Amino acid sequence: MLRRKPTRLELKLDDIEEFESVRKELESRRKQRDEAEVAAGGEEAAAIGALGTEHKTREQLINDRIGYKPQPKAGGRTAHFGTFEF
């Protein structure tokens with residue numbers, strides 16, 4: 001395997017300014033998206049509240065959206081050891 005000296009990267013003022021502008025743009029997009037989700041979530045919550053359904057947790061909402069229906073785990077010592085009983 002050939003070894004070579006590490007390449008030196010120099011950070012210029014233009015690079016920093018470009019990074020800052022891109023970061024600010026992404027943050028503004030994220031804020032707009034979050035505000036839109038909050039507004040949509042408020043409308044959705046009002047619609048759910050109007051239907052009289054129970055309040056669901058974030059995990060339950062995600063599970064409903066992806067179609068996952070978790071099965072409750074059996075309690076007790078035998079659940080940890082399979083078919084062995086002590």
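What percentage of the 86 residues in the protein do buried residues make up? Buried residues make up 1% of the 86, where buried means under 20% relative accessible area, exposed over 50% and partly exposed in between, with a 1.4 Å probe and protein chains only.

1. Basis of the model. This is a predicted model, in which local features need pLDDT of at least 70 and side-chain atom pairs count only at pLDDT 80 or more, while totals for chains, interfaces and linings use all residues. Residues are numbered from 1 along each chain as its sequence is written, and side-chain values use heavy atoms, with hydrogens and water left out.

2. Secondary structure. The protein has three helices and zero strands, and its elements run α-α-α from the N terminus on. Helices (H or I, at least four residues) and strands (E, at least two) are DSSP runs, numbered from the N terminus. Helix α1 covers residues 13-51, and helix α2 covers residues 58-66.

3. Accessible areas come from the Shrake-Rupley method with a 1.4 Å probe; for residues, only the protein chains shown count as cover.

4. Asn63. This residue sits in helix α2. Asn63 counts as buried because its relative accessible area is 13%. Leaving aside residues up to four places away in sequence, Asn63 touches Tyr68 and Pro70; contact means heavy atoms within 4.5 Å.

5. Salt bridges. The structure holds three salt bridges, each defined as a side-chain nitrogen of Lys or Arg within 4 Å of a carboxyl oxygen of Asp or Glu. Glu20, Arg23 and Glu27 are linked in a network of them. In the pair Glu20 and Arg23, the closest N and O atoms are 2.5 Å apart; these two residues of helix α1 are three residues apart, about one turn of the helix. Arg23 also meets Glu27, at 3.2 Å from N to O. Arg23 and Glu27 are separated by about one helical turn because they are four residues apart in helix α1.

6. Glu20 is partly exposed, at 28% relative accessibility. Arg23 is also partly exposed, at 34%, and Glu27 is partly exposed at 32%.

7. Glu25 and Arg29. These side chains form a salt bridge with the closest N and O atoms 2.7 Å apart. Both residues lie in helix α1, four residues apart, about one turn of the helix. Glu25 counts as partly exposed because its relative accessible area is 42%.

8. Negative patch. Asp14, Asp15, Glu17 and Glu18 gather in a surface patch of negative charge. Patches are made of residues with over 30% relative accessible area and no salt bridge; like charges are joined within 9 Å, and nonpolar side chains (Val, Leu, Ile, Met, Phe, Trp, Tyr) within 5 Å. Lys and Arg count as positive and Asp and Glu as negative, while His and the chain ends are not counted. The place of a charge is taken as NZ of Lys, CZ of Arg, CG of Asp or CD of Glu.

9. Nonpolar patch. Leu11, Leu13 and Ile16 form a nonpolar patch on the surface, with about 330 Å² of accessible area together. Leu13 belongs to helix α1. Leu13 counts as exposed because its relative accessibility is 59%.
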